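Dear colleague,

I am handing over the structure below, together with notes on what was found in it. Please read the two side by side.

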Amino acid sequence: MADIKQMLPEQQKAIDSIKNTVVAAGAGSGKTTVLSLRYLNLIKKYKYNVEQILTLTFTKKATVEMSSRIYNVLKNEAPEQAANFYKANIKTLDSYCNSVAKLGCRFYGISPDFVQDDETIKTQVKAKALPFLLEHRDNETLKEFIKVQDYETVADKLFVEPVLAHSKIANPIDFRADFKKQFAKIVQEWNKTVHKISEILSEIERFEDEFSGNRESKSFEAYIKEKNKNVSPEIVEITDENIEDQNFSLIKEYAEKINGINYSKPRVKSEEVDLLKENIDLFRSAKSDLLSLANYIYGIPYLEKILPLLEEFQEIVMNVKRSSNCLTFADVSNMALQILCDYPEIRAMEKEKYKAIMIDEFQDNNLDQRNMLFLLAEKKERMEKGVPSVEELEKEKLFFVGDEKQSIYRFRGADVEVFNNLAKDFSDGTLQMYTNHRSNPKLISAFNTIFGGDLYSDKNAKNVEFAVTPPSVFFNERQQKNNYEIPPYEAIYHSVLPDEKKLEIEEKNENSKRRVNLAFYEKNTEAPNGFFTGTFAEAEWVAQKIAEKHSEGYDFSDMAILLRSYSKQAVFERAFLRHGIPYNTETLKGFFSDGPVSDIAAYLKLCAYSDDRMAYGKVLSSPFVNLTVTETEAVLSLKQDVFSDESAEILQEDSLIRFKNAAKFYEEVKKFAKENSLTKTVSKLWYEFGYRFETMWNETVKMYEKLYDLLFALAREGDEKNLNLASFVDYLFEYEEENSKLEINVPVEKSEGVHIMTVHKSKGLEFKIVFICDTQRGSVNEKSTVPVYYSSKFGFALNTPAYFKDSKNYFYILAKNENELKECAEMRRLTYVALTRAEDEIFITNSSYEVPKDVEEYLPGGTKNADSIYKVLAPVIDFYSKKDESGNSNYQDASPFSKIEIIEPFSQVEIFSEQKRPNTQKAKIDFVKALSKQSPYESSQIIKKDLVEKIYVSPSKLYEEAEKDEFKKSLENKNRTDLPFAEINEIIERHKNFDFNNFGTIAHSYLETALKFYGQEIKVPYNNQDVSGLENSTGDIKKVEKICEQMTKEFLNSELGKKALSSIWRKEEFEFKSRFGEKILSGIIDLVFKEKDGNFFVVDYKTNQEIRPEIYYSQLACYRRAVSQMLSVPEEKIRTFLFYLRFGKEIEVLPENLCLSESIYEY
């Protein structure tokens, strides 16, 4: 129990707490340790079993770490419970919601085998949105939106994004209810505003009678003139009936009159005039409110016209989710809540399972998840529907841990207000952990100054006298005590203490320095050609600083680059490549922009698509052929086949030899790629053309081997998914654009090199040195043309056409302002997360530095949007760095920052000339000669490689040899004319790059589409790669399509097809994984469906030229086993069929023939 003895009192309180508790645990406070020791305390002191404690985390990574920590504690302190750890319930909140949703998803028309995939749903819904918009383009409201935005943007912003973000499968949006709430609010606000305006105008007019100053002054005369001109209209109130009848003529007339009233503020000063000025300001504000209300009223007819389309599109989205059995994470979370709310018997079962529930990182969750946990923690006897109150909860069940300052997942639905409100729910169970064990004490003091406005801990700071209160990024404790009005979405900073041991060491350090460094490139700095400027100069400065820190003894892996977004990541990657700095990133930007990856990808593309002229040109000019630009253009201009003899005729001497050798190698690689894996193909190109050895020799390109490693990793993933070369190339080239991002799963903590990541990705990690770069990067400036915002109180707020063009409608402004304020609050939290990743030192850089005007307005409660990390920090930076007239900074001694270093432009010539080893042919030859004299292999030993047995087996492997025999027979039969659909063979005979596999894939696509969209006219989305071998022969493509249509029709008219169409559930392309002993079978079943009697049918389509079902007995046995395991169906209720498409014939394979062969273990 040594760990427990070392706990601080604040940590021990949390460990010992048994009642419902909320722990606010800041960065580096040791919350994971506290959670693991509290888990132990529940087991040892309160005799809970591991299966009775539900522990929920936010990410899978956190689940793994939590499980490891808890198990290690139990192993030492409670070994009997460690033995039962396999029963432990430690999982992500998403995973738990998934398990609850499967218990009741049938109530919402969803099958229990649903999958969670936000991206798939988004892709499918986006595909529906644009056709839907075009179909309804004559809608009057849509016409207004399309005037200012293109069709695709309107489809995304008006339909796709709002509906996906806020509509749930178990809780769809009630648009009509939202609009009714808005109408009611409009009536209330309008009537309140018109009376307010009337009162203000009366006060302004009364000024004439009460003014005691000089009535002959120009200011007073100007006021009288305006007063006589501005006639106050009679008040026009509105009622619900006005809204329903859309009788707005009097409303418009009144608003126009008010809009015509204008008062200028007098320039003279006196108490009476100041009161007049105040009233004029009040009038202007009230008038602005009135015009926004009038605009909303004017837009009501447009709302009425768009309402049916919103409802219809929402239903389309629901149908997509149901038909694909695919849901978003928000769907599953909300469904779990609805099930627990509405079905007390399921809730009772879940309540009974757990005596304690611990939730980590709860600041990243939302109201749905809070309510779900309340339902799990309610008293046993409560069985009513709905969410329980705090008084209806068990007193000792919930334990929340979180940090409001680290809530940065609003885009995923996180709502920091929920966590903040928990402190009110459990006011007697709220604890603070305020010691940071991670960071250097000087950094912690800087955090307290930057985020909380505390005095910086420096001997010189004590002598500084502040004329005004120092600013802070967050609202702070002092403001809270002084009853500032703090919005519920804002964080409140509480001062943090350093680790006592680290503090002792730091206090003895005589060379202690400031550890938050600023380096900015000034905006509009001029530089000659050939110099790095802006972000390029910033990246170069960072690269040089990292090299400097590495020379001081830091490992590259001790350092991290944190970015707001991926938009400039490629610039930093290139700077690191230039300097030979190793780096790691989970997301690549501009993957194809440099180096051998681009060459190899182009070569692979040419192997898959021989008619791709751009890929051919890239290969010709690459080291694979090494033609000059002129020679490449000449070859391409001939428009001959790839590496044709005719092309060779225009080349001379060395170029001709290289071209002919490349032609031979090309044919070799094409054949090799068909017979070998993607990884072997990529490796062949990498090694046989010397890329590998060049990156080993030439230090300026050494880091390109990292890009190759990532290309190889992608190829390995492609092999695992059984992708052919063409499919892999299509996937790869999705990331060709500079702005595309490529997700790579790299274990960050164990990898070498500088870590490049977004601030979001860094959450939960820590690094000795952190560079926070590109800090001026803000949110994309959204114009007032965005069609819709969402209000937490009033739902959808549409940007309807405005009657008064200088204003928007009331709810649109309300929702837009609400969203902007919450985004700024989250940007403050994102800044906090970025800075608190550091243990030793921080560098904050900016590539477009200038001090903003009215910089203090970026503080919380200010009037400006702090939409970048720099703007969040700017008020604090400016306060401590601002210089007086003599050029001195009044508060530099109390500053948490170093003095700002100005980044200058960098000469590209000087940078590129720095090479540590000559990259010449002579140097390489000399190196090889010297190496050969040393006989380096004489003392070498043979390394034995352990072969790791593969556990994944594809059922297709079980009949591979038999199908090869059949394929040989098909070649013998290719000229037979008596076969069904003999024209298939004729087409394949004509096109050497189109084979039976290509045809089979297209036929499968037709069948899948016909079943999935039965009764709808939809173009079959087969992949162009499958017809690329037909070499743009329109006639043969049409023949193939016609054959597939005929085969599909015959299947649908067959008894098996009719049963599939009338089934109560079916799934095309059913992906499965099934355990067989120590092997895992994985693959895709063409069709699975369920009849009303409960029997399941498994169907596999075949395009074979002979009917030989015995080949596929083992395959169907695998399918039967998989369906039984995944859908919890007895095998005897599953029937298996082959459908031979050429013959239009179904063959049932009976159970006695279905046996899983032990030969599986041979694969």
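At what angle do the axes of helix 15 and helix 16 cross, and within what distance do they come? Before the answer, a caution: this is a predicted model, in which local features need pLDDT of at least 70 and side-chain atom pairs count only at pLDDT 80 or more, while totals for chains, interfaces and linings use all residues. Residues are numbered from 1 along each chain as its sequence is written, and side-chain values use heavy atoms, with hydrogens and water left out.

The axes of helix 15 (residues 329–342) and helix 16 (residues 344–353) come within 5 Å and cross at roughly 105°. Helices here are DSSP runs of H or I with at least four residues, strands are runs of E with at least two, and both are numbered from the N terminus; axes are lines fitted to C-alpha atoms, for helices over the stretch in contact, with angles from 0 to 180 degrees between N-to-C directions. Contact, meaning heavy atoms within 4.5 Å, is made by Ile339, Leu340, Cys341 and Asp342 of helix 15 and by Pro344, Ile346, Arg347 and Glu350 of helix 16.

Turning to the strands, 6 of them form an open sheet in the order 3-2-6-7-1-8, with parallel pairing, where two strands pair if DSSP finds at least two bridges between them. Strand 3 (89–92) and strand 8 (430–433) stand at the edges, each with a single partner strand, so one side of each is left without a neighbour in the sheet. From one strand to the next, the twist averages 15°. Strand 2 (residues 53–57) pairs with strand 3 in the parallel sense over 4 bridges, and threonine 57 has threonine 92 of strand 3 as its bridge partner. Across strand 2 and strand 3 lies helix 6 (residues 93–104), which runs at about 105° to strand 3.

Asparagine 139 sits in the loop between helix 7 (118–135) and helix 8 (140–148). This asparagine 139 counts as buried at 15% relative accessibility, buried being under 20% relative accessible area with a 1.4 Å probe and protein chains only. Leaving aside neighbours within four places in sequence, asparagine 139 is in contact with Lys305, Ile306 and Leu309.

As for the cysteines, the count comes to 0 disulfides, a disulfide being a pair of cysteine sulfur atoms within 2.5 Å. Cysteine 773 is buried at 1% relative accessibility, and cysteine 1044 is buried with a relative accessible area of 1%.

Notes: Buried < 20%, exposed > 50% of the residue type's maximum accessible area, 1.4 Å probe, protein only.
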